Amino acid sequence: MSARGKTVKSCYIINLDNSPSNIHLPDNEPVFVGRSPLTGIIDTKCSRQQVRLCANYTEAIITVQQVGVHSCGFNGFKTQKNVKFIARHNDRLELLYGKYAYEFEFNPPPPVTSLISKKRFYLQPDETENRTKMMKLDRYLDKELECNGPDQEGLSSDDVYPNKKTLHTACSISSEENNSNLNTSAKWEKIDDRKLIIYTASSLQDQSKVAAYDMDGTLIKTKSGLVFPKDCNDWQLLYPDVPGKLKQLHTNGYKIVIFTNQAGLGKGKVKLSDFKLKIEGIVRKIGIPMQVFIATGRSIYRKPALGMWEALEKKKNGGIAIDKINSFYVGDAAGRQKNWAAGKKKDHSTVDRLMALNLDIKFETPEEHFLKQKAAPYVLPVFNPKNLPKDCDICKPADANLTLKQQEVILLVGSPGSGKSHFAKHYLKKYEYVNRDSLGSWQKCTAMVDQYLNQGKSVVIDNTNPDPMSRQRYIEVAKKHKVPIRCFVMTTSMQHAKHNNKFRELTDPSHIPVSEIIINSYAKNYVPPSLEEGYKEIVEINFVPKFLNEEDQRLYEIYLLED
């Protein structure tokens with residue numbers, strides 16, 4: 001028997017408009033109700049996820065939270081978005097205020113309690129009621145404020161939960177939660193201007209061993225069968241064995257962590273409030289405490305870069321050093337090619353395997369980890385930043401002079417990210433520098449070259465100059481002044497150039513990212529220069545990076561690209 005006197009067996013919201021579309025609310029599982037074929041509502045003011053309902057059979061209560069933009073109705077009052085309140089048997093809910101009415105129904109009906117007045121949204125203290133119960137609900141309110149308060153940007157906790165001293169809001173209290181430590185709570189944090197979002201479940205214990213997972217395609221998949229989820233409810237566990245496997249690891253002393261790239265959050269395509277509910281639902285479904293790191297953009301936190309792992313290691317593991325030898329990472333972006341198994345598509349990237357390689361920890365695919373399948377063949381990127389030569393000649397032929405005593409023009413040729421600017425600023429400091437990015441057009445560049453040559457100065461031209469036509473403009477100016485012109489060609493590969501571009505993006509906030517489309521376009525239009533174009537000499541230049549500090553060097557020498 002429950003504390004209410006009868007054991008609740010089911011809960012429904014009953015449609016009051018003579019429609020058969022009653023909706024079942026399972027025990028302690030959130031259900032979103034709104035515009036859908038199930039309700040028959042086509043009114044666009046009613047969101048598809050208009051309201052979040054979570055029944056608790058033990059306490060015979062339902063946690064209600066308006067998620068949609070427009071107000072719901074509860075017992076004649078308007079609700080506010082994201083404010084949680086408690087409903088009970090026979091309470092009335094309108095999916096839109098004044099429209100689409102339902103009534104909550106427990107079976108069998110619990111006895112009437114005076115803890116909640118049906119004229120108010122919130123739990124109200126009553127000196128004649130069980131003070132122990134109210135103290136417990138008060139602690140739950142504090143827990144909810146700690147967990148959810150920071151998400152209500154621009155609002156104080158009193159805005160979200162008015163008159164906290166007399167009005168109480170609590171989420172559904174399960175028997176499992178009643179036995180937990182109420183001083184610990186699930187927590188959401190936003191780090192580095194929202195570039196990283198972290199969820200830490202209540203009762204999570206920091207450990208030296210870490211079992212790390214990607215999320216999409218590793219722990220969950222879409223219900224719809226689409227590649228990308230159509231909304232934050234479009235998910236299900238990838239395999240039935242996922243909870244059992246993770247629970248066993250948790251029992252064996254592993255900390256369970258998720259690392260997920262979610263660019264849609266950074267671009268505003270996915271609402272953070274909806275995504276938070278999704279994460280909480282996944283953690284609840286798996287059934288163990290875990291920590292989730294969410295990279296929202298193209299920052300240092302996005303895999304395969306190690307920002308998320310370093311946040312875990314340095315700030316979010318209670319000061320406990322991570323045992324990499326006994327830790328591992330599981331992900332589906334593993335570089336497997338088409339038909340790696342019968343009928344299987346090519347992996348969308350290699351990002352998960354590259355992250356494990358960057359960390360030097362064990363890696364498995366979901367099939368290897370959960371299904372015990374044999375490892376499938378995979379392909380790594382051709383460019384490996386760890387294999388760059390440490391010492392090499394800057395130019396070829398080795399006897400070529402980088403600078404001459406006589407006046408000259410040096411024309412640099414290379415894709416964006418190939419290291420032209422780096423080379424010019426480090427090795428050609430005495431030459432006047434001409435760059436289209438700063439001047440804006442090739443016409444201004446040729447005019448500036450002409451001006452410097454008139455002054456008897458040597459010039460280096462830092463433009464991409466991919467074809468004979470773009471290069472001929474500067475050859476003509478040099479001929480006009482009877483000054484020799486040499487061509488310096490960067491030997492940097494396209495993948496290396498993309499790596500350089502990504503590195504600059506991560507380390508130099510002033511650097512404007514160059515689209516990979518532009519780098520690919522350069523490669524498509526590139527025509528190697530020849531002496532017949534009018535050069536005195538053609539010199540090949542190897543890109544040799546220089547670093548401001550060891551941290552930058554460590555970053556440069558790991559995989560940064562997702563392919």
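Q: Quick one to start: which residue stands opposite Met490 in β25?
A: That's Ile541. Keep in mind that we're looking at a predicted model here.

Q: And how do β24 and β25 pair, parallel or antiparallel?
A: Parallel: β24 (residues 485-490) and β25 are joined over five bridges.

Q: What about β20 and β25, in which sense do they pair?
A: Antiparallel, over two bridges, with β20 at residues 395-396 and β25 at residues 537-541. In that pairing, Lys396 stands opposite Glu540.

Q: Zooming out, how many helices and strands are in the chain?
A: You've got 16 helices and 25 strands. The chain has 563 residues, and 50% of them are buried.

Q: OK, the open sheet with seven strands. What's the strand order?
A: Reading across, β11-β12-β17-β16-β13-β18-β19, with mixed pairing.

Q: Which strands stand at the edges, and why is one side of each left without a neighbour?
A: β11 (187-191) and β19 (362-364) are the edge strands.

Q: By how many degrees are neighbouring strands turned against each other?
A: By 20 degrees on average, ignoring direction.

Q: How does β19 pair with β18?
A: In the parallel sense, over three bridges; β18 covers residues 328-330. Within this pair, Val330 stands opposite Glu364 of β19.

Q: Which strands does helix α8 lie across?
A: Helix α8 (residues 351-359) lies across β16, β18 and β19, and runs at about 165 degrees to β19.

Q: How many of the nine residues of α8 are buried?
A: Eight, so the helix is largely enclosed by the rest of the structure. Among the buried ones are Val351, Asp352, Arg353 and Leu354.

Q: Let's do the largest nonpolar core. Which residues touch the most other members?
A: Phe259, Phe293 and Trp309, out of 46 residues in that core. Helix α7 (residues 307-315) gives the largest share, four residues. At least three residues come from each of domain 2 (186-371) and domain 3 (395-557).

Q: What does Trp309 touch, not counting residues up to four places away in sequence?
A: Val210, Phe259, Ile322, Lys324, Met355, Leu359 and Ile361.

Q: How many residues are in the second, separate core?
A: There are 35, including Leu237, Leu246, Ile258 and Val283. As a general point, nonpolar side chains in soluble globular proteins tend to be buried together.

Q: Changing topic: where is Pro26 found?
A: In the loop between β2 (23-24) and β3 (31-33). Leaving out residues up to four places away in sequence, Pro26 touches Val31, Ala55 and Tyr57. The C-alpha atoms of Pro26 and Leu53 are separated by 9.8 Å, and these two residues are 27 apart along the chain.

Q: Last one: what share of contacts between residues at least 6 apart join residues at least 24 apart in sequence?
A: In this chain, 69% of them.

Conventions
Residues numbered from 1 in each chain as written. Predicted model: local features only at pLDDT ≥ 70, side-chain atom pairs only at ≥ 80, totals over all residues. Heavy atoms only, no water. Core = buried A, V, L, I, M, F, W, Y, C linked by side-chain atoms within 4.5 Å. Buried < 20%, exposed > 50% of the residue type's maximum accessible area, 1.4 Å probe, protein only. Domains from an automatic or database assignment. Contact = heavy atoms within 4.5 Å. Pairing = 2+ DSSP bridges. Axes fitted to C-alpha atoms, helices over the stretch in contact; angles between N-to-C directions.
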